[in-house]
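Please keep the sequence and the coordinates at hand while reading.

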Amino acid sequence: MERTLAIIKPEVVERGDVGKIITRIEEENFKIAAMKMLRLTKAQAEGFYHVHRGKFFFDELTTYMSSGPVVVMVLEGENAIRRWRQIMGATDPAKAEEGSIRKEFGTDIQRNAVHGSDSQESAAFEIGYFFAGMEFHA
Ligand code: GDP
């Protein structure tokens, strides 16, 4: 069993498509081990995306991620990290595979609907960034 951190990004919450993404997560047989809605401050978004500090899109990305509420979740399952990234699809929705969440719900390379941890190390950091032990219901 493995855990990954998923985020439903601001444009999806704004549009009212949170339920569709959660339905997809449940259909894919992930267990939702923890979940909450919150609005990040700019500084909190910068801390979450610290590995991207210095990239040309860092300021725009962190402004966007703090522009409205997001839903953060810990998904649990076999190979959860790799499997959730496959279901999300490529970073750029225009290049994402048919049937992927980013293909269906993403707007552009920045507003690409969802986030997923890309390694065990980043999953550990990202889960710890948002959730304390008592928030898990596994
Ligand atoms: P991910 O692992 O597929 O989410 O992609 P990355 O780790 O490379 O990038 C993190 C997030 O930054 C992406 O999900 C996008 O929201 C955003 N992003 C990535 N590349 C670009 C870009 O070229 N321009 C802008 N504006 N945002 C980007």
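A contact is counted here when heavy atoms lie within 4.5 Å. On that basis, among the contacts between residues at least 6 apart in sequence, 75% join residues at least 24 apart. The structure is a predicted model.

## Overall architecture

The protein contains 7 helices and 4 strands, and in sequence order these elements follow the pattern β-α-α-β-α-α-β-α-α-β-α. Its radius of gyration is 14 Å, close to the 14 Å that the globule rule gives for 138 residues, so the protein is as compact as a globular protein of that length.

The C-alpha trace spans about 35 × 35 × 25 Å along the principal axes. Of the 138 residues, 49% count as buried.

## Nonpolar cores

The largest nonpolar core comprises 20 residues, and Ile 8, Ile 21, Met 73 and Trp 84 have the most contacts inside it. At least two residues of this core come from each of strand E1 (2–8), helix H1 (10–15), helix H2 (18–27), strand E3 (70–77), helix H5 (80–88) and helix H6 (101–105).

## The largest pocket

The largest pocket holds about 570 Å³ of space. Its lining consists of 22 residues, and those that lie nearest the centre are Tyr 49, His 52, Phe 57, Leu 61 and Thr 91.

Helix H4 (58–65), strand E4 (114–116) and helix H7 (120–130) each contribute at least two residues to the lining. H7 gives the most, with 3 residues. By class, the lining has 8 nonpolar, 8 polar and 6 charged residues.

## A loop residue: Ala 94

Ala 94 lies in the loop between H5 and H6. Is Ala 94 buried or exposed? With a relative accessible area of 66%, Ala 94 is exposed, because the cut-off for that class is over 50%.

Ala 94 and Asn 112 are separated by 18 residues in sequence, and their C-alpha atoms are 9.7 Å apart in space.

Conventions
Residues numbered from 1 in each chain as written. Predicted model: local features only at pLDDT ≥ 70, side-chain atom pairs only at ≥ 80, totals over all residues. Heavy atoms only, no water. Core = buried A, V, L, I, M, F, W, Y, C linked by side-chain atoms within 4.5 Å. Buried < 20%, exposed > 50% of the residue type's maximum accessible area, 1.4 Å probe, protein only. 1 Å grid on protein atoms, 1.4 Å probe; cavity = no way out; pocket = protein on both sides within 12 Å on 5 of 7 lines; lining within 4 Å. Points joined across faces, edges and corners; volume = space filled by probe spheres on them. Nonpolar A, V, L, I, M, F, W, Y, C, P; charged D, E, K, R; others polar. Rg over C-alpha atoms; globule rule 2.2 N^0.38 Å.
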